[in-house]
Amino acid sequence: MVSGRTFIQNPGPTNIPDRVLRAMARPAIDFGTTEFSVLLDSCLMRLNNHMRNSGPLIGYTSTGHGAWEATVTNLFDTGARVLLCDSGHFSHRWGEMCEAHGLDVSWFETGWQQGVDSDALRDVLATDAGRRVEGVLVAHTETSTGVTSDLAAIRTVLDDLEHPALLVVDSIASFGCTPLEVDALGVDACLAVSQKGLMMPIGLAFTGISDRAVAAAYANKRGRFYWDWRRRLEAEGYRMFCGTPPIHHLFGLDEALCMIAEEGGIDAVTNRHRRLADAVRAAVEVWSEAGALKFNATKAKERSDSVTCVRLAENYDADKVVAVARQRFNLSMGSGIGPLAGSAFRIGHLGDLNVPMLLGALGAVEASLRACRVPIGTGGLEVATTMLSEVSS
Ligand SMILES: *Cc1c(COP(=O)(O)O)cnc(C)c1O
């Protein structure tokens with residue numbers, strides 16, 4: 001189908017609003033000017049406020065992988081032990097990166113259908129009598145499984161045990177979608193990117209850090225250069241990017257942050273994500289009544305407000321559903337990753353999205369499932385429509 005828009009319901013990259021695209025379509029400016037430094041400072045300040053972080057915010061021209069590498073190489077020297085909460089493809093990758101940088105990784109597996117179980121975490125950390133674990137690394141929302149872990153519960157475990165490990169959170173898929181209070185949760189490093197909840201193109205990443213994280217970075221003897229927080233913290237203005245700053249991305253980010261403010265601030269934005277995600281979950285619940293599909297996330301309270309991962313029963317081909325959705329209905333979704341390849345698809349519902357966009361997407365998912373002869377309960381789209389008609393937007 002060539003007419004009309006393609007619906008981007010991937011859990012990244014997400015829809016880029018026309019306003020953001022237009023804000024970026026302009027000539028470059030000299031990054032030595034006051035105009036540029038005001039733009040940069042204002043973007044960093046607003047982003048940090050949205051993270052509820054009072055410590056520094058470091059920006060990079062990079063993907064999320066870059067923010068991972070920056071965080072790992074600044075906080076931990078070779079041989080340092082970290083507890084890596086492996087809850088799916090992305091967190092697993094992060095752990096592999098830690099190993100590539102010579103860290104001693106203790107793998108804490110949550111399984112692909114659940115988040116971090118705080119009792120199990122408590123049992124593991126309680127055995128760390130010598131307090132050798134220097135960091136606990138966790139993905140807030142694991143994009144491959146659609147599971148969001150309870151960060152407050154993890155913080156409580158660390159506090160109860162008086163364990164000094166740094167709490168390092170990949171909020172790449174949750175930032176701007178699920179409430180996250182860096183100061184209040186005692187998060188020492190909080191990683192985010194431009195292309196998911198922030199409605200921007202790929203290319204900017206951020207880490208909000210605590211004073212303890214700053215101290216750890218200064219104490220860390222590991223050799224590093226491009227990612228070095230010390231260089232970036234001490235540098236003035238644009239030099240924090242360690243090279244020519246991403247001027248056009250900052251034009252876009254400024255506009256995206258204006259849109260967030262116009263919507264009523266970050267809490268209004270996360271509330272919208274919750275309402276839209278509830279509607280997706282209601283539709284999936286109805287579809288699942290025919291027994292051919294189910295949520296990947298087994299615990300209802302762990303189902304993510306950014307992405308819903310749907311598993312199909314054996315004998316049904318999830319890749320075919322994704323392909324039909326793309327080819328016949330102009331709907332782009334995420335496929336299953338790792339052990340879920342071929343048996344799951346993922347509906348992204350984060351970033352620039354409103355009620356008719358979401359209902360259009362759910363209608364296309366329903367049509368794709370029917371076209372692929374996957375039995376579904378009737379009335380999923382209707383339930384979602386009813387739900388969204390009942391709450392103010
Ligand atoms: C998308 C994603 C990443 C990777 O980000 P890139 O920009 O693709 O490198 C890491 N972690 C999570 C949870 C993600 O969703």
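This is a predicted model: local features need pLDDT of at least 70, side-chain atom pairs count only at pLDDT 80 or more; totals for chains, interfaces and linings use all residues.

I started with Ser171 and listed what it touches, leaving out residues up to four places away in sequence: His140, Leu180, Cys190, Leu191 and Ala192. Ser171 sits in the loop between β8 (166-170) and α7 (182-185). Buried or exposed? Ser171 has 0% relative accessibility, so I put it down as buried.

**The sheet.** Next I traced an open sheet of 5 strands and got the order β1-β13-β14-β12-β11, with mixed pairing. Which strands stand at the edges? They are β1 (7-9) and β11 (293-295); each has a single partner strand, so one side of each lacks a neighbour in the sheet. From one strand to the next, I get an average twist of 35 degrees. I then checked β11 against β12 (residues 307-312): the two run antiparallel and are joined by 3 bridges.

I found α11 (residues 266-287) lying across β11, β12 and β14 (344-348), at about 145 degrees to β11. Helix α12 (residues 318-329) lies across β12, β13 (331-335) and β14, and runs at about 160 degrees to β13.

**A helix pair.** Last, I looked at α2 (residues 34-51) and α10 (residues 247-263), whose axes come within 10 Å and cross at roughly 45 degrees. That angle makes α2 oblique to α10. The crossing is left-handed. Among the α2 residues in this contact are Phe36, Leu39 and Arg46, and α10 brings residues including Phe251, Asp254 and Leu257. I sorted the contact residues into 12 nonpolar, 2 polar and 2 charged.

Conventions: Residues are numbered from 1 along each chain as its sequence is written. Side-chain values use heavy atoms; hydrogens and water are left out. Axes are lines fitted to C-alpha atoms, for helices over the stretch in contact, and angles run from 0 to 180 degrees between N-to-C directions. Helices (H or I, at least four residues) and strands (E, at least two) are DSSP runs, numbered from the N terminus. Angles under 35 degrees count as roughly parallel, over 145 as roughly antiparallel, 65 to 115 as roughly perpendicular and the rest as oblique. A crossing is left-handed if the near helix is turned anticlockwise from the far one by less than a right angle, and right-handed if clockwise. Contact means heavy atoms within 4.5 Å. Ala, Val, Leu, Ile, Met, Phe, Trp, Tyr, Cys and Pro count as nonpolar, Asp, Glu, Lys and Arg as charged, and the others, Gly among them, as polar. Buried means under 20% relative accessible area, exposed over 50%, partly exposed in between (1.4 Å probe, protein chains only). Two strands pair if DSSP finds at least two bridges between them.
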